[in-house]
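Subject: Structure handover

Hi,

Here is the structure for you to look through. My notes on it follow below.

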Amino acid sequence: MKKFFWALVLVLVAGNMLRFVLPWWGIVLAGLLAGAWLAAPRWVAAGAFTGGLLFWGGSALLQDIGNEGILSGRVGAVFGGLSGSQMVLLTAVLGGLLALLGGLCGAYGRKALFPAVSEPT
Amino acid sequence: MLFQMRWIPFSLSLFCTVLALWFLGSPQELGQTRLPALGDFLNPFSGFWRNAEPANTRAMFQTAAPVELPGLTGKVEVLYDDNMVPHIFAENKEDAYRVQGYVTAQHRLWQMDLVSRQVAGRLSEVLGPRTLAMDRLVRRRGLTRAAEIDWEVWRQSDETRRIMEAYSDGVNAWIDQMRPADYPIEFKLLGYAPEHWTPLKSAMIIENMIDALNGRDFDLAATNTLALMGRDTFDYLFPQWFDKQQPVVADTGQWTPYKPEVFASGADAFSSIHRSAIPERRLPLSWQDLSGSNNWAVDGRKSVSGAPMLANDMHLPLKLPHVWYQLQIHTPEHSSYGVIVPGVPSIVVGFNRETAWGFTNVSQEVADWYRIEWVETGRRYRLDDSIHSAELRIETIGVRGQEAVVDTVPWTVWGPVVHDDPDHPLAGYAYRYTTHDPPQKEDLARFFRMNEICCYEDYREAIPGLDCLSQNVAFISRSGDIAITVQGRFPIRRYEQGRFLQDGSRSENAWQGFVPQHQLPTMKNPSRGFVFSANQHSTGPGYPYYYLGRFDASRGRRIFQRLSAMDRVSIDSMKSIQLDNYSTEAADALPVMLRLLDRSRLDDKAQTYLQTLASWDYRFDGSSTAPSLFRIWLDSTYIRTWDELDALRSQGTEVLYPEVWRFTQLLESDPESVFFDHKETPRLENARDIVTEGFLQTVRRAQGYAPSDLEWQRYKGLKIGHLSRLDGFSRLQVLTGGDGSAPNATKSEHGPSWRMIVELSEPVRALGIYPGGQSGNPGSPFYDNMIDSWASGGYLDLLLLDGPDATERILGRRTFLPAQ
């Protein structure tokens, strides 16, 4: 359970540092770091996903609110009739998925490379 | 070893991750849509979310630091008013234009990039093979070369060079401070980065303006039609003068001293038909969106305030980002306000404290086609008694995702060979277009000085700088002068020369020269107290030079009628003319059609529609149903009449269609004419039959609409589309009245792109509005904020500020300092 929150926090912190130096896939790397550190694939998956969701979704939401939804509605229309809120959701889910995938790679990678060191979940 | 259990989950996750990275990291084609790399695009820190501007603009300005701009010689302050219009206060002109480049790029960079690429034939570099045909055509029509030659000549003027380079440097200063996260959203969507601006790109945009306004000709259609119909029928259907119109400059006996050259007799028009294997899919010519405009000026005797007044509304395709951009330029010497074309320095239409000026299109044709007698196709040709070699211009067109395409364009002494497809009816013909000729080196400097004019003499000195941009330029000055000039480079032609395709093997078929400046029609302070233009005929039939071109036959008549009837013109009266939905075209045609209609063939339902039409006041008001019924009826009747022409068009022969005003005359004066017979039916119809059939068809069509959808504003359905054609960034179904035949010339994708009224009282009063917003960013609250107000006939007060200390209606300011 603790690992869930640690995964979440690590993704948020690493994501927020990496975003200044890396493009969009920095969030995958943040998940990877969390996964490699915590090595508990299921908790890492859940925690990283939530962290990525909050990180990308939160940032999108803040910008959307400040903009009063002008742009998200228009871009949503370009994306086949989605609403502005759905664009926020899409961004959030994408962030979550990317962090999750990175987290799984990190966690399973650590377990595969260092099976003796990994703690039981 | 890899197949040990512990590697499997890792391999799977790694595989999924790599797959996701690949899918989200590259652009995808999903059916018709091209999606950008989604990872980049949706990333809240660098993707489209970054273009979501805070709605609280005031707060944004408060945190803005001064900008250090290389090349600036003094401090420049820019005040932004509550409509996001920048007011630039500079110590000298060059600094002002440098900052103009910066602030325009800040709001409209993608638009500037796209439009300059259009004329450069470089769309395919970023959009791929789908724009290859467009790029080839613009280059083969010689526009790219024309812009290159323009800049080669203009740069020889010191003043021009300094202004163009300062502007360009300003744009580049903006570009250089952007990171990819700051790029306009269209760059992100389409997946390319902005490149540096150059004065040549400004020249490209100027060429785009010229071609959009003056590039039309109907020579092929006219030649085919003459060959098919014979002279008598051709003249009967296509007279070149309509006597109900008032020309821009009336005949007052002023032409007597004009002695044009005596022309040698020349070759007759070609009596041959040019068929295309590619059937034309455009609408009949009468409906094509010709860009026109209205302007008029009223002198102090006629105005309530005693001060002269000017109105201008330019009719252009309505797009987003909007074609115009408002700004004010203030230096110690001059202060002017108006609209600019993004990408070009200076102010195009506007006013200062002493004068105001405005443009409408001159509808004269300035391009002709010449058949070349090839000795070796595309290489050597005969002219008089000698053989000439064509100059070969190699056009290399970059295509994204593919190898560059190389196109060889032969340039003859007449001009380029535009069409090399042997199936095209103009294959092998040379294109002679006024814009191909080099300008005078001071032209652009003069054009830039338009916004500094103080008096009539300045106006007359500046307007030749328009060169081949043919415009009716209206003018007022505080001292009380009003004037209008038909300004442009008009080829001197024999009677009907250039109306048809010509023989390019005889040099005697060349243009005899250009109408000299002092013989261009002009009018100053007429006794009637006003001047006006609405793309009607430039002059009466007495003018010694041949007028070739179409002309508007409806709007100008209404404007003339309204201005003649007024003797105390106010700003409200000027507004009421710009917004006037009354159509003289409808007022001419409807009574004739009602008289011809055989009412015995109408049932009760049809009678109700008839009642609506019979009680119509000829105004294309948005909430009214009668305008829609009228348009459907007129269209149906017209299309049924010209079925012979339709048949020709569907076989690939481009032909002329009679103007609506001529059609109305025929209905009235020659109802038994053979043209009204519908070829597909065995009986012989006349006008009465065709009009009645048309009405019955109108009733059937109208019944297919819900009553609210028959309201003119919905039936017409104005769409203001984004330049990328994405509906999501467009404004669909803008509800507003008006019609191409009324002074309020709003159509379904075209209309008054800028409505301006100026009164040179003390202080200057000016109103203006355009259907769009100052910002080109769909994420900005200023993207389309003026559309609704424009649609309901609103106007905004334009601010001609005195100094950078103003506070009323000011959202914020930005300071520019010389770079250390």
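Chain A has five helices and zero strands. From the N terminus on, its elements run α-α-α-α-α. Please keep in mind that this is a predicted model.

The C-alpha trace of chain A spans about 55 × 25 × 25 Å along its principal axes. The chain has 121 residues, and 51% of them are buried. As for contacts in chain A with a separation of 6 or more, 77% are between residues 24 or more positions apart.

Now chain B. Its secondary structure comes to 24 helices and 30 strands. The radius of gyration is 28 Å, close to the 28 Å that the globule rule gives for 820 residues, so chain B is as compact as a globular protein of that length. Along the principal axes, its C-alpha trace covers about 90 × 80 × 70 Å.

Of the 820 residues in chain B, 62% are buried. Take the contacts in chain B between residues at least 6 apart in sequence: 72% of these join residues at least 24 apart. Chain B exposes about 31,300 Å², and 51% of this comes from carbon and sulfur atoms.

On charge, chain B carries 84 positive and 103 negative charges. How far apart are their mean positions? The answer is 2 Å.

Last, the cysteines. How many disulfides are there over all chains? The count is zero, taking a disulfide as a pair of cysteine sulfur atoms within 2.5 Å. B:Cys16 is one cysteine that is in no disulfide. Its nearest cysteine sulfur belongs to A:Cys105, in the other chain, and lies 8.2 Å away. B:Cys16 has a relative accessibility of 37%, so it counts as partly exposed.

Buried would mean under 20%.

Best wishes

Terms used
Residues are numbered from 1 along each chain as its sequence is written. Chains are lettered from A and ligands numbered from 1 in the order in which they are written. This is a predicted model: local features need pLDDT of at least 70, side-chain atom pairs count only at pLDDT 80 or more; totals for chains, interfaces and linings use all residues. Side-chain values use heavy atoms; hydrogens and water are left out. Helices (H or I, at least four residues) and strands (E, at least two) are DSSP runs, numbered from the N terminus. The radius of gyration is taken over C-alpha atoms; the globule rule is 2.2 Å times the number of residues to the power 0.38. Buried means under 20% relative accessible area, exposed over 50%, partly exposed in between (1.4 Å probe, protein chains only). Contact means heavy atoms within 4.5 Å. Accessible areas come from the Shrake-Rupley method with a 1.4 Å probe; for residues, only the protein chains shown count as cover. Lys and Arg count as positive and Asp and Glu as negative; His and the chain ends are not counted. The place of a charge is taken as NZ of Lys, CZ of Arg, CG of Asp or CD of Glu.
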